Amino acid sequence: MLGLLTPQTRNIKVFIKAFKHTSIHRCSSVSCQSEYIRSIILENTEIVGEQSLTPEFKLRLFTPNCRFWSEKPELWPFDDPYWAIYWPGGQALSRYLLDNPAVCRGKTVLDLGSGCGASAIAAKLCGAAHVVANDIDTVAAVATHINCELNGLEPPVCLTNNVIGSPPKGFDLILLGDMFYDEALATSLHSWLDHCINSHGTKVLIGDPGRAQFEEHRIRRLLRQLAQFELPESVREENYGLTCSSVWCYRPEL
Ligand SMILES: C[S@@+](CC[C@H](N)C(=O)[O-])C[C@H]1O[C@@H](n2cnc3c(N)ncnc32)[C@H](O)[C@@H]1O
């Protein structure tokens with residue numbers, strides 16, 4: 001995952017698990033932990049809106065004004081805060097949904113690797129009937145709740161277990177924003193997506209800015225490009241000069 005980080009965000013990497021555990025165990029109940037996480041998120045993020053591909057909604061993210069943009073990563077008390085960045089793949093995917101609301105309207109939608117919850121939020125704004133945000137980082141679930149509240153939306157159902165490899169649920173649509181950054185993850189995702197498609201006819205949309213792990217993966221030649229977006233200047237600067245991000249459909253003939 002580190003390869004995905006930008007020079008600025010590389011500093012966010014977290015290593016000292018001892019600190020993490022002592023911090024988390026200050027609260028024993030689930031609601032107390034969630035309140036503690038919420039307070040840390042509110043204290044260490046800024047509301048960002050206009051600078052992304054989806055100015056229609058706001059998100060709480062790390063910005064250069066935030067302490068942990070440049071702070072020693074070991075001082076961040078939880079797992080790597082990938083939810084604190086709105087990744088270019090997720091931006092393109094969310095933009096595509098907002099431009100094509102019929103894709104989500106009335107559908108059951110899973111945003112897998114939901115991070116800040118942006119694509120789940122876009123699906124909700126498009127009138128999805130039921131949205132599930134899944135991220136193995138429990139802090140991402142709290143961030144998703146906060147970001148939904150920020151936009152006057154009911155939070156989606158947030159799942160924090162690893163669903164890849166588990167028996168597929170009957171979602172109409174699975175969203176994957178910037179999830180092809182690691183070869184092993186991409187490969188396990190690929191076979192699980194095949195199960196979802198074969199068992200329920202699920203439609204799969206992928207947002208990716210052209211990362212090597214995505215371009216070189218065997219799933220890539222099975223995808224159909226639906227849209228490409230130029231990234232805003234600030235997003236380019238934060239992402240090693242990536243200039244655009246695309247949306248792909250994976251739905252091999254049933
Ligand atoms: C690069 S971020 C993308 C976040 C968001 N989709 C976006 O585009 O802004 C990848 C996210 O996937 C999550 N993740 C990694 N492995 C996962 C898994 N097996 N199941 C669910 N989420 C996972 C990470 O915690 C992280 O939040």
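What percentage of the 254 residues of the protein count as buried? In this predicted model, 41% of the 254 residues fall into the buried class. The secondary structure of the protein comes to 10 helices and 9 strands, and among the contacts with a separation of 6 or more, 70% are made by residues 24 or more positions apart.

**The ligand shell**

The ligand is surrounded by 26 residues, of which W87, G90, G113, G115 and G177 are the closest. Two elements, α5 (88–99) and α6 (118–125), each give two or more residues to this shell. By class, the shell holds 14 nonpolar, 9 polar and 3 charged residues, and at least three of its residues come from each of domain 1 (2–84) and domain 2 (88–250).

**Helix α5**

Helix α5, which is one of the elements contributing to the ligand shell, is mostly covered, with 11 of its 12 residues buried. The buried residues of α5 are P88, G89, G90, Q91, A92, L93, S94, R95, Y96, L97 and L98; of these, G90 is also listed among the residues closest to the ligand. The cover over the buried residues of α5 includes the helices α6 and α10 (233–238), together with the strands β6 (173–177), β7 (203–208), β8 (224–230) and β9 (244–250).

**Helix α8**

Helix α8 covers residues 183–200, and its 25 Å from first to last C-alpha is close to the 26 Å expected at 1.5 Å a residue. The buried residues of α8 are A186, L189, L193 and C196. Viewed down the axis of α8, these residues fall within an arc of 85 degrees, so they line one face of the helix. The face of α8 turned away from that buried side carries the exposed residues A184, S191, N198 and S199. Among the elements covering the buried residues of α8 are β6, β7, α9 (212–215) and β9. After α8 comes G201, whose phi is positive, near 65 degrees.

| Helix | Residues in helix | Span between end C-alpha atoms | Expected span |
|---|---|---|---|
| α8 | 18 residues | 25 Å | 26 Å |

Key
Residues numbered from 1 in each chain as written. Predicted model: local features only at pLDDT ≥ 70, side-chain atom pairs only at ≥ 80, totals over all residues. Near = placed C-beta within 6 Å. Helix = DSSP H or I, 4+ residues; strand = E, 2+ residues; numbered from the N terminus. Nonpolar A, V, L, I, M, F, W, Y, C, P; charged D, E, K, R; others polar. Domains from an automatic or database assignment. Buried ≥ 20, exposed ≤ 12 C-beta atoms within 10 Å, placed from the backbone. Contact = placed C-beta atoms within 7 Å. Expected span 1.5 Å × (residues − 1). Arc of directions from axis to C-beta.
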